[in-house]
Amino acid sequence: MVYAPSSSPETVYLPDPAQTMVKILVAGAFGVGKTTMIGSLSEIPPLHTEEVMTTVGALVDDPGAHGGPGGLGDKTTTTVAMDFGRYTLPTEDLVLYLFGAPGQERFRALWEDLAHQSLGAVVLVDSLRLEDSFWVMSAVEERRVPYVVAVNNFPRSPDYPVEQLRQALDLAPSTPLVACDARDPTSCLRVLIALVDHLLAHST
Ligand SMILES: Nc1nc2c(ncn2[C@@H]2O[C@H](COP(=O)(O)OP(=O)(O)OP(=O)(O)O)[C@@H](O)[C@H]2O)c(=O)[nH]1
Ligand SMILES: [Mg+2]
């Protein structure tokens, strides 16, 4: 809806009352592609809070950032507060406000506000570092936010069979598990659709 008061040349945009607005949390361990996913999906310029990782922080930042087991040797920045983006599902008139959580557990205090009143969550995981996702899944479950798990497609990560992944992550049978490439908007959209389907199926 557009509101243009005659006294002002500026156009003021008001929310369309026919649209439903929903808060969605995008969570995951360090470097699994949360910021990338929100950047791929957002129809507005996304808000990022990236800070450069320095050698001073090397002891507390994930060792994978420095060419260790995580293999993220080319990653130079990390999210220190949040990401924010917006995606509208046109057929549903559903506006998804996407809040990306920081991936490092030392920023966990920020989760209280980020997860507050989230209707659902995407938990991104890297199959190379499944164990890094456990605290994230616990944090989402503690807040009783329904979620889907999206396995981000890194070339160096093992391609485990779905059942093996579900077992390793100890997923409830009803929790959807989907594959994705966080750089690809179509792939990310499939994750959002899986989440919306999951939320609708459990909304009664
Ligand atoms: N090959 C591949 N690379 C990816 C994919 N998604 C993200 N990346 C790369 O992985 C790195 C980490 O991505 P980020 O989006 O910063 O990860 P993050 O989860 O936001 O990281 P933190 O906020 O630090 O926890 C970046 O260099 C991305 O370009 C993917 O699907 N495939
Ligand atoms: Mg990030």
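A pocket is taken here as an open set of points, on a 1 Å grid over the protein atoms alone, where a 1.4 Å probe fits and which has protein on both sides within 12 Å along at least five of seven lines, and its lining residues are those with an atom within 4 Å of a point. Grid points are joined across faces, edges and corners, and a volume is the space filled by probe spheres set on the points. The model is predicted, so that local features need pLDDT of at least 70 and side-chain atom pairs count only at pLDDT 80 or more, whereas totals for chains, interfaces and linings use all residues. Residues are numbered from 1 along each chain as its sequence is written, and side-chain values use heavy atoms, with hydrogens and water left out.

The second largest pocket holds about 270 Å³ of space. Its lining comprises 15 residues, those nearest the centre being Val151, Pro158, Asp159, Leu165 and Ala179. Two or more lining residues come from each of strand S9 (147–152), helix H4 (162–169) and strand S10 (177–180), where helices (H or I, at least four residues) and strands (E, at least two) are DSSP runs numbered from the N terminus. S10 supplies the largest share, 3 residues.

The largest pocket has a volume of about 360 Å³, and among its 22 lining residues Gly31, Val32, Gly33, Thr36 and Phe154 are the closest to its centre. Helix H1 (34–41) and strand S5 (77–79) are the elements that each give two or more residues to this lining, with H1 giving the most, 3 residues.

Technical notes: Chains are lettered from A and ligands numbered from 1 in the order in which they are written.
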